[in-house]
Amino acid sequence: MKSFRLTTIFAAGLLLAPDHSFAQELSGPQVVRTLGRLQGGAPGIDIALLMEEAAASAGKGVAALPDWQKLSKLSQLIVEIDFENDSIAIEPKSYRTVGMIADALHHPNLRRYKFLVVGHTSSTGDAKHNLDLSQKRANAITEALSTTFAIAPDRLFAIGVGEEWLVDPSNPQAADNRRVQLVNLGLVK
């Protein structure tokens with residue numbers, strides 16, 4: 001089985017320790033295990049509220065906001081998915097990664113869960129533009145997962161945070177900050 005380069009961030013480490021330089025090769029079964037780790041019930045996450053807070057916080061960051069801190073308690077995975085520059089077009093080489101994510105979401109251990117797809121950018125460019133671009137990129141991933149890979153659309157929610165939740169705040173223009181994050185939101189109801 002092929003492995004793909006994914007960066008894994010486990011629950012509390014995402015918001016509390018932004019220096020995550022522990023990229024590793026993960027296989028499909030490892031993705032299933034990582035995204036399937038739920039510690040009790042998932043807290044209620046209001047996607048519309050998160051979107052409002054991200055828009056209102058352009059240039060200020062969202063990581064310290066209480067509603068965003070709830071996400072740190074959930075199973076999650078940060079994934080490198082390359083897009084064409086300043087575009088929502090997914091690079092062809094990244095479709096393998098999107099396909100592996102889709103395979104994991106079809107796995108019986110994850111099939112009953114819903115997921116938040118969070119788009120991120122670096123701080124290159126205008127904060128409002130980056131917020132819009134990251135939302136469009138998160139939408140592109142959810143669309144690819146639901147149309148190309150047949151993941152039920154009611155299991156996927158997209159949100160863009162632009163440069164407001166940097167993984168490497170000491171280097172805001174770093175490529176590591178341009179990423180997609182999947183968060184397990186708990187059971188589909």
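**Figure 1. Contacts of R137.** Leaving aside neighbours within four places in sequence, R137 is in contact (heavy atoms within 4.5 Å) with F83, E84, N85, D86, S87 and I88. The model is predicted: local features need pLDDT of at least 70, side-chain atom pairs count only at pLDDT 80 or more, and totals for chains, interfaces and linings use all residues. Residues are numbered from 1 along each chain as its sequence is written, and side-chain values use heavy atoms, with hydrogens and water left out. R137 is found in helix α6, residues 127-148. Helices (H or I, at least four residues) and strands (E, at least two) are DSSP runs, numbered from the N terminus.

Is R137 buried or exposed? R137 is buried. Buried means under 20% relative accessible area, exposed over 50%, and partly exposed in between (1.4 Å probe, protein chains only). R137 has no salt bridge. A salt bridge is a side-chain nitrogen of Lys or Arg within 4 Å of a carboxyl oxygen of Asp or Glu. The nearest side chain of opposite charge is D86, 5.9 Å away. Here Lys and Arg count as positive and Asp and Glu as negative; His and the chain ends are not counted.

Figure 2. The side chain of R137 reaches the backbone oxygen of S87 at 2.8 Å. S87 sits in the loop between β3 and α5. S87 is buried, with a relative accessible area of 18%. Not counting residues up to four places away in sequence, S87 touches L133 and R137.

**Figure 3. Two salt bridges.** A search of the whole structure finds two salt bridges. One joins K93 and D82, with the closest N and O atoms 3.3 Å apart. K93 and D82 are 11 residues apart, and each lies in the loop between β3 and α5. K93 counts as exposed at 58% relative accessibility. D82 is partly exposed, with a relative accessible area of 32%.

In another salt bridge, the side chains of K128 and D132 meet at 3.0 Å, N to O. K128 and D132 are four residues apart in helix α6, so about one helical turn separates them. An α-helix has 3.6 residues a turn, so residues three or four places apart point the same way. K128 is partly exposed, with a relative accessible area of 47%. D132 also counts as partly exposed, at 34% relative accessibility.

**Figure 4. Helix α5.** Helix α5 has 12 residues, 95-106. What span should helix α5 have at 1.5 Å a residue? The expected span is 1.5 Å times one less than the number of residues. For α5 this should be 16 Å, and the end C-alpha atoms are 16 Å apart, which agrees. The buried residues of α5 are T97, V98, G99, M100, I101, A102, A104 and L105.

**Figure 5. The largest nonpolar core.** A nonpolar core is a set of buried Ala, Val, Leu, Ile, Met, Phe, Trp, Tyr and Cys residues joined through side-chain atoms within 4.5 Å. The largest core has 27 residues. Which of them touch the most other members? They are L35, I81, L105, L110, I141 and L145. Elements that give two or more residues to this core are α2 (28-35), β3 (76-79), α5, β4 (113-119), α6, β5 (156-160) and β6 (180-187). Helix α5 gives the most, with six residues.

L110 is in contact with V32, L35, G36, A104, L105, F115 and R155, leaving aside its neighbours within four places in sequence. A second, separate core of 16 residues includes L71, L116, V118 and W165.

Figure 6. I45 lies in the loop between α2 and α3 (47-56). I45 and K70 are 25 residues apart in sequence. In space they are 7.6 Å apart, C-alpha to C-alpha. Not counting residues up to four places away in sequence, I45 touches L50, K70, L71, L74 and L185.

**Figure 7. A150 in its loop.** A150 lies in the loop between α6 and β5. Its phi is positive, about 60°, although A150 is not a glycine. Most residues other than glycine have a negative phi. A150 is exposed, with a relative accessible area of 54%.

**Figure 8. The whole protein, for orientation.** The protein has six helices and six strands. From the N terminus on, the elements run β-α-β-α-α-α-β-α-β-α-β-β. Buried residues make up 48% of the 189 residues. Among contacts between residues at least 6 apart in sequence, 76% join residues at least 24 apart.

Technical notes: A polar contact is a pair of N or O atoms within 3.5 Å; within protein, one must be able to donate a hydrogen and the other to accept it, and residues adjacent in sequence count only if both atoms are side-chain atoms.
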